[in-house]
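Morning, everyone. I have one chain to walk through today. Please bring it up on the screen.

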Amino acid sequence: MSSGLFDMHPPIISRDFSYLLHPQNFHPLPQHTIPTAFRTSAHQPTTSTSLHTLLSTGHFRAAAITAANQLTNSTSPTPLSADEIFKLWYVRLSSLVLMGSTSTAAQEIKVFSDLGSNFYRDARGEHLVPWELRVLAVRLQAIGVSDWRRSIALYYELAREARGEILKREPKPDSTTTSSSTSPPEHSSDKIALWRSRLRDLGIRVANALVEMGDLAAAARHLEGLRVSPDDHELRAIVCLLYVRIGNLAAAKKILPTVGGEGIREKILSALILMGEAKWADAAAAAWKVLSDKELISEGGDMARNNLAVCLLYMGDLEEARSVLESLINSGTSFTGLTFNLSTIYELCSDNSKVLKANLAERVAAQGKEMTGASFKM
């Protein structure tokens, strides 16, 4: 009887995570990387703006600062729980990555040391750190020590854990509906789907790590070895996109018919393959112009027009490329790829590109967005 009670109520193991709250864990974010237009804009958020609002509006620098401030706020009457600490750390690190300060995030993640140790597990063996933070930490720690092979090994460790969670929840062959001891855990089907999606994501991340290592052949072999469900069109589209990224256009063309022809997914991939083959006119006329129609604007029209401008740039039609990108800015759209490409065109079209790029930064700042100087080639 006591054994059963012990299984139901394992001993509580306390963990002291106060070392994650020290101010010295966080690096100051330099101001010189932010254009003046963003530092002085009246459209920028205040210090009282919530984290949720900062993240949803793309103010990642402000979100990173706010997360660090909340972690180091020693005057708070209520101490942070472990879940809150890890959530704020995830916001801090992911915001740094999104704002282009990956190297800073790679330094700050070192305070966690070995996330695979038992210190980060409870009495049941369950991990205390959220899955998303653990996955992010793998890449950041690899960058911090300049060892991509380490990241691949850690991805496989996480994959082994994911497979174990799936097997633990799958119904046993001899299970019966009348035996509660052999029935799968509650909501096991949802949990199995969750862990399978995580396992699939890890497979893609391993391929990405191989690409970042420069081992394109190994990345291709890994992709070919992935177990892809015939009806998993999204994963097939990701694999096709990775083949384009690798430069294996023949393999991309081979898998293209299996990604599903519904919507614009196949059209986008077809256009990217044409660009990979340097068929700029075909990509512009047959794909991106069609995808940038107003009817499809909500399904990726902004991206399509940005890529259309890239094709026009390589075709030598700088004025039309500039017009396409500036029309996006005028409509209230802005993202790093767009501003970078438009800044490039300014450098090619004008001797006064510095003024044009500064004006562009002011227009984007007026939209309430936040970007670094690198987004404008400053």
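Start with the contacts: among those in the chain between residues at least 6 apart in sequence, what percentage join residues at least 24 apart? It is 59%. Contact here means heavy atoms within 4.5 Å.

Now the ground rules. This is a predicted model, with local features needing pLDDT of at least 70, side-chain atom pairs counting only at pLDDT 80 or more, and totals for chains, interfaces and linings using all residues. Residues are numbered from 1 along each chain as its sequence is written, and side-chain values use heavy atoms, with hydrogens and water left out.

The chain has 18 helices and 0 strands. Those are DSSP runs, numbered from the N terminus: helices are H or I, at least four residues, and strands are E, at least two. Of the 378 residues, 41% are buried. Buried means under 20% relative accessible area, exposed over 50%, partly exposed in between, with a 1.4 Å probe and protein chains only.

Take α5, residues 82-98. Its 17 residues reach 24 Å from first C-alpha to last, close to the 24 Å expected. The expected span is 1.5 Å times one less than the number of residues. Its buried residues include Phe86, Trp89 and Arg92. Among the elements covering them are α3, α4, α6 and α7. Just after α5, Gly100 has a positive phi of about 90°.

On to α7, residues 131-145, which packs with α9, residues 188-213. The angle is about 15°, and the axes are 12 Å apart. So α7 is roughly parallel to α9. Roughly parallel is under 35 degrees, roughly antiparallel over 145, roughly perpendicular 65 to 115, and the rest oblique. Axes are lines fitted to C-alpha atoms over the stretch in contact, with angles from 0 to 180 degrees between N-to-C directions.

Who meets whom? Trp131, Glu132, Val135 and Arg139 in α7 meet Trp195, Arg198, Leu202, Arg205 and Glu212 in α9. By class, that contact has 4 nonpolar, no polar and 5 charged residues.

Next, α17, residues 336-349. Its 14 residues should span 20 Å, and its end C-alpha atoms are 20 Å apart, so the two agree. Buried here are Leu338, Thr339, Leu342, Ser343, Thr344, Ile345 and Tyr346. Their cover includes α15, α16 and α18.

Last stop: Thr372, in the segment after α18. Is Thr372 buried or exposed? Buried, because its relative accessibility is 17%. Leaving aside neighbours within four places in sequence, Thr372 contacts Thr33, Ile34, Pro35 and Met99.

Note on methods. Nonpolar A, V, L, I, M, F, W, Y, C, P; charged D, E, K, R; others polar.
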